Every structure is written in structure tokens, then in C-alpha cells.
Amino acid sequence: MTTARLTVDARFPIGAVRRRLFGGFVEHLGRHVYDGIYEPSHPEADEQGFRTDVLELVRELGVSMIRYPGGNFVSGFRWEDSVGPRDQRPRRLDLAWHSTETNEVGLHEFVDWLDKAGGELMLAVNLGTRGTLEAIDLLEYSNLPGGTTLSQRRIDNGREAPFDVRVWCLGNEMDGPWQLGHRSADDYGTLAARTAKGMRQLDPTIELVVCGSSGAQMPTFGEWERIVLTHAYDDVDMISCHAYYQEHDGDIDSFLASSVDTDHFIDTVVATADHVGAVRGSSKRIDISFDEWNVWYMDRVASEKPTAIDDWPVAPRLLEDVYSAVDAVVFGSLLISLLKHADRVASASLAQLVNVIAPIMTEPGGPSWRQTTFYPFSITSRLARGEALRVQVEAGAIDTAKYGAVPAVDAVATHDTETGAAALFLVHRGRVEPIEVAVDVSGFGAVELVETHLLHDGDPYARNTLEYPDRVRTRPLEGVRIEDGVLHATLPPISWAALALRRVG
Ligand code: AHR
């Protein structure tokens, strides 16, 4: 068996683990809102129609800030449709997903749901088919305490206190030709800067996210960021990154190495943002909002939307990917990548939360359950506290068709200086042999093991389904020992693991 040698030390800090790194995303798409978080006829629905079993799972998942209401949906969205008396709200076509939006759940209902779920709201404005004025109106409606027609309308609609939304996305994926109102980088950068300035005239304390690329594979990647930031650098705080991964044509090695792409994506966007800052002679730093990330099998039937002129269903089954053990291992490695960049990734949103490429699934009138990806997210969100620490990894390489030679093991650690709690997150990308890891933890002083979690299945394609909701779950990683300041563990092939440690003495 080969050995990977790792070193972790509290003196290798990357940056604070911000809770916003564990954000989520709820889009009006498929059965996410309707028949997902909201199903008034369900036996476990509360007085507002929200499924309490789903709320419990969302709390267990440990999501922080939640991006809403899209996604591609937002580029055709009129926010005014979603507030006021429910029986007067219009039914609208959702062109992005070829569906009908009933507006039964709107801004107020979603904020009520978030209060129950325990999350912070991140709002996206429509810069696809609408503009600066509508964005400012929504901000006024949401954040102004009172004294104007729009703020009074919020109060009349049941919310005396402002929503006080801190973080706003200036549109969604405006670089993508599929986006309603898709624009060139110059056009979008101009509009985003103008809108940001207007919004800040109303509320200078908000944080603004400008659209970056929809993926590092976009033909405009790099130039898009440079041009958009050249227009909007002084007016925004963050630039977005979106990334989805899937196994293509049985190339599991490249799929297991997906986080190499995430690392590169983040490093390149940081370099581009810093370049624009340098050219401008600015001391300001632009951070990253990685506000869509996940495994997504885009070319499967599950992602095919209706096309016929008379076919605009309400809440169709769309993007309902059923994740395997290997998907969850890759997913865990993406979380490692985000933590490895905790200095510049200020916020991240798992896309999405319920039914739609989601860690939580529901059946109408039936149960809800955890997908395989639920586990790495909930465990990382719970254990990653304090500061992220760089882990020095010496491991053999795996040859991949897409990314060349990549280390068999990747890792990151966290350390809370106040409590002395530490955590180590590991992925083993090899698919044949187990690997022994020897982690020098002597830099922490004397530590003991508190808990261990392993995500691995003898069948990498095993999944959790309505019939077998607990087929894949984490279990303790057996045989871990700490001797003379070195932690020894054996990781099976295609596995993700988390180990929690605490200081002794
Ligand atoms: O998360 C699904 C879709 O992926 C979002 O609506 C869009 O922003 C992205 O292309």
C-alpha cells in the first residue's frame, strides 16, 4: 500500500472560515419551491404550508446564507408579482425553465421560511430583462424601514421590520448565451456598475456581487472578469464563480480530479481581479462569491425541459439528479477546494437545496431523504470552525485525461484557536488501492481524536432513493491512531473523510 505524507500546522493559516462559505441556493425551478419546501397538503406541512420534515433536514445540513430566487429564473422575474395578496398574484411564464410560475410563494413567504430554517437571505436582482430602477425599487421595498410608498407596501404586506438584505447579486450568469438578456462584458459591466451605484445611493452598507463566468470553460472566461471589473471594480465587493462537474463518458479519473479545476478557477479569477486592481492603483480587494457549485449531469434526461408552445407545467420534475457515492466524494473534494481558498472565497452557495440537483429529496405526500452529497456538506459545515489551514501533501500522482497528473490525495484542515478544536478533511482520488495517510499533527501539540467520518461504498455508483433512502451514508473511519504526533489512517479507494481532533492537557 502506498503512503501519503501530510503536514498540518496551526502556523499555516489561510483565512477565517466564514459561515457564508456554507451557503445554499433556492431557485424557483422544478419541484424546488412547490412540492419541495412548500406543500400545503402534506401531512407534515406547518400552518404556512412549509414541510417541517424538509425544514429539519435543511437545519441539519447546516446552510448559512441562501441565494434566491434564481438562477436563470431571475432574468425573467418581476419581483412585484411575488408580493401582496396571494389571490391577486399573476401566473407567469418562466421562460428559463419552460414552466408556469404561480407566485404562490414569494418574497415574504420565502423570508418566513428562512426564519424557520435559520438562514440569511442573499437576493438576486433581474439585470437580464429589467434594469437599475427595478433593482433599486426592490432594495427600497426590502431594506428601507418606512416612510415611502414601497417600504409602506412591505409593511402593509405584513413585514414591519425591513428584510435588511445584506448581500445582493447583480443579475445571474450574464455571460451565458442561454441567459435571458445575455449581454457582452462591456454592456453588462456598464449596467452592473450603474445599478450598483444606484443601489448604494440608497443603502451604502449592502454588499454587491457582480457576475463572473458561468464556468472556467466559457469562451469568454478571463476576459469577461477583466472587462466587467474594469467597469465595476469600485462599486462591488465580490465577483461570482459558478461551476458544475459530472462524469463524462466513463472518465471517472478526471471526474475525481474535478476540484483541480475549481482550484484553478478560483486562482485565475483572483489573479484577474488583482490585476484589474493593480492597473487602477487600487488598494481595494475583490473577493469571490462562489454562488453556484455542485455535481450536475446536465445532459441527462432529468435536465430536459418541456419545449412545446402549449406545455408550461407548474413545478415539473426537472434536474432531479440522484447522486452516487462517487458524486459525493467529488462533492466533498469541492468543499475542500473552497476551504483551501478561504482567504478569497468570502461566500459560496451549494446549488441547489431541495429536489433540484439537491442534497435533500422529497416525494409529494411522502417522505424526504438525504442524498449522498448531504453528508460531506453537513459534516464539513459543522466541523470547519475558526481558521482554514493549508495542508502540505506529498502523495503519488494519478494520470487523468482532463487535468494531467493530479495528487492522489487532497486535504485541508481547520483550527479554532479559542476551543482548540481542529478538523481534517481528506479525499482519496485513487480508484483501485487504499492509501495510507500519515499526517504530522505535532504542530497542534497533544491532540486526541473526537470523531471520524468516512464516505465510501464498495459500489461507487450506489445511490439513495425513495426505496432505499439510507443505502449510502457516512460511517466511522476505523483504525485511526495518533502516535508521536503523527496521525495514521487508511483511506479506501474513492473516499472522502473528515476527522475531528481536540487538544488535550
Ligand atoms: O442551478 C441551475 C442553473 O444553473 C441556474 O439556474 C443557472 O444559474 C445555472 O446555469
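Which loop holds Gly71? Select the loop between S3 and strand S4 (92-94): Gly71 is found there. Helices (H or I, at least four residues) and strands (E, at least two) are DSSP runs, numbered from the N terminus.

Before moving on, note that this is a predicted model, where local features need pLDDT of at least 70, side-chain atom pairs count only at pLDDT 80 or more, and totals for chains, interfaces and linings use all residues. Residues are numbered from 1 along each chain as its sequence is written, and side-chain values use heavy atoms, with hydrogens and water left out.

**Stop 1: two cis bonds**

Stay at Gly71. The peptide bond that leads from Gly70 into Gly71 is cis, with omega near 15 degrees. Now jump to Gln352, in the loop between S11 and strand S12 (360-362). The bond from Ala351 to Gln352 is also cis. Its omega is near 0 degrees. Most peptide bonds are trans.

**Stop 2: the ligand**

Gly71 and Gln352 both belong to the residues around the ligand. A residue is near a molecule if one of its heavy atoms lies within 4 Å of it. By class, the shell divides into five nonpolar, four polar and three charged residues. Here Ala, Val, Leu, Ile, Met, Phe, Trp, Tyr, Cys and Pro count as nonpolar, Asp, Glu, Lys and Arg as charged, and the others, Gly among them, as polar.

Next, show distances to the ligand's oxygen atoms. For Gln352, an N or O atom of the side chain is 2.9 Å from a ligand oxygen. For Asn172, the distance from a polar side-chain atom to a ligand oxygen is 3.0 Å. The protein covers 96% of the 290 Å² of accessible area that the ligand has on its own. Such areas come from the Shrake-Rupley method with a 1.4 Å probe.

The ligand sits in the largest pocket. A pocket is an open set of points, on a 1 Å grid over the protein atoms alone, where a 1.4 Å probe fits, with protein on both sides within 12 Å along at least five of seven lines. To sit in a pocket, a molecule needs more than half of its atoms within 2 Å of its grid points.

**Stop 3: the eight-strand sheet**

Colour the open sheet S2-S3-S6-S7-S8-S9-S10-S11, whose eight strands pair in parallel. Two strands pair if DSSP finds at least two bridges between them. At the edges are strand S2 (24-25) and strand S11 (345-350), each pairing on one side only. S2 runs parallel to strand S3 (residues 65-68), joined by two bridges. Pick Phe25: its bridge partner in S3 is Arg67.

**Stop 4**

Find Asp164, in the loop between helix H4 (149-156) and strand S7 (167-170). Asp164 is not a glycine, yet its phi is positive, at about 55 degrees. Most residues other than glycine have a negative phi.

**Stop 5: strands around S22**

Select strand S22 (residues 486-491) with strand S19 (residues 435-440): they run antiparallel, joined by six bridges. Val439 stands opposite Leu487, and Ala438 opposite His488. S19 also pairs with strand S1 (residues 3-16), in the parallel sense, over five bridges. There, Ala4 has Val437 as its bridge partner.

Return to S22. Strand S21 (residues 481-483) pairs with S22 over three antiparallel bridges. Glu483 partners Val486. The S21-S22 hairpin has two residues between the strands, and its Asp484 takes a positive phi near 50 degrees.

**Stop 6: another hairpin**

Finish at strands S15 (residues 397-400) and S16 (residues 404-407), antiparallel with four bridges. Three residues lie between them in the hairpin. Ile398 stands opposite Val406.

Note on methods: A polar contact is a pair of N or O atoms within 3.5 Å; within protein, one must be able to donate a hydrogen and the other to accept it, and residues adjacent in sequence count only if both atoms are side-chain atoms. On a 1 Å grid over the protein atoms alone, a cavity is a set of points where a 1.4 Å probe fits but cannot get out, and a pocket is an open set with protein on both sides within 12 Å along at least five of seven lines; lining residues have an atom within 4 Å of a point.
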